[in-house]
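Dear colleague,

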Amino acid sequence: MKWDDYRIILAVVRCRKLAPAAKSLGLTLSTIYRRLEKIEEGCSEPLFRRDEGLYEATQLGSELALAAERMEQEVFRAERLVYGGDQSLQGRVTITAPEVLSQFFLARHLPTLAKLYPNLVFEVLSEDRMLNLANREADLALRPNRPSDDTLVGRKLSDLTWAKYGRKSSETDDAEGPVIGYSQLEFAEKILQSKDITSPDRKIQTYSNGLILSASLAANGAGVAVIPMILGEQWPNLTRLSGPLPQGSSELWIVCHKGLRRNARIRVVFDALGQAAQMDQAKLAG
């Protein structure tokens with residue numbers, strides 16, 4: 001078996017379906033189907049049990065997947081050894097950040113970086129899921145909390161604070177009017193539970209499952225939005241109705257894997273985003 005065969009087994013074990021496994025490997029569905037059949041023909045027993053489109057690994061399949069994971073980690077380690085010592089200021093830098101930080105922090109500062117370093121290519125992955133930096137899913141990450149993984153190195157860029165915002169043309173203040181609630185956002189729901197934000201007589205008529213959606217709802221008169229200041233200070237037609245809320249305070253960190261900290265292009269972007277955060281202190285921390 002070749003390394004690519006092990007990658008296919010591992011992808012199918014992780015995804016349990018062929019279509020997402022094929023997508024994760026950059027293959028077509030028909031290709032991964034043919035290649036998996038060929039792999040299994042060369043094995044002493046089946047690697048998967050098929051059940052209505054789901055692929056459940058047999059004991060042999062599970063053991064091969066574990067071996068593939070160990071191989072994968074060694075490949076990633078080798079890549080970090082090679083990539084980590086690169087001192088050229090050209091090539092791709094992949095940055096991951098939550099949607100709010102991507103749109104209202106990175107999007108403002110990356111054009112300046114692109115002019116300073118014309119040979120760099122920037123890829124921004126805007127998602128709230130924390131990508132795995134050890135597996136090279138991204139090179140740098142902006143995260144709204146202190147990193148706990150000892151394989152990462154980071155720097156605190158700023159405090160992150162939240163405040164109340166309402167429509168500019170409205171006479172709503174922080175003591176009147178409905179509050180826009182949150183659903184499926186546990187950290188935001190906890191902030192709204194504070195007594196000085198919501199009360200039994202303060203009606204919640206509209207619920208949102210996104211911070212940017214809450215800002216838009218508030219700007220259109222749906223009520224008061226409790227959102228990060230980096231969002232509220234830049235959203236059109238919103239006015240701030242409170243000071244920074246202590247219960248919404250967190251920290252903004254930039255992190256990378258220890259194996260990449262000496263890479264020249266990672267280092268310059270790391271430092272440049274630190275300087276950008278200093279410029280944005282009023283928006284980030286109030």
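**The pocket and a helix**

The elements β3 (91-97), α5 (99-116), β5 (140-143), β6 (152-167), α6 (186-192), α7 (211-219) and β11 (245-257) each give at least two residues to the lining of the largest pocket; helices (H or I, at least four residues) and strands (E, at least two) are DSSP runs, numbered from the N terminus. This is a predicted model, in which local features need pLDDT of at least 70 and side-chain atom pairs count only at pLDDT 80 or more, while totals for chains, interfaces and linings use all residues. Residues are numbered from 1 along each chain as its sequence is written, and side-chain values use heavy atoms, with hydrogens and water left out.

A pocket is, on a 1 Å grid over the protein atoms alone, an open set of points where a 1.4 Å probe fits, with protein on both sides within 12 Å along at least five of seven lines, and lining residues have an atom within 4 Å of a point. The lining of the largest pocket has 33 residues, and Pro98, Asp128, Pro144, Phe187 and Leu211 lie nearest its centre. The largest share of that lining, 4 residues, is supplied by β11.

In helix α2 (residues 18-25), Leu18, Ala21, Ala22 and Leu25 are the buried residues, where buried means under 20% relative accessible area with a 1.4 Å probe, protein chains only. They lie on the same side of α2, because they cover an arc of only 100 degrees around the axis, taken from the directions from the helix axis to the C-beta atoms. After α2 comes Gly26, whose phi is positive, near 75 degrees.

With best wishes

Terms used:
Buried means under 20% relative accessible area, exposed over 50%, partly exposed in between (1.4 Å probe, protein chains only).
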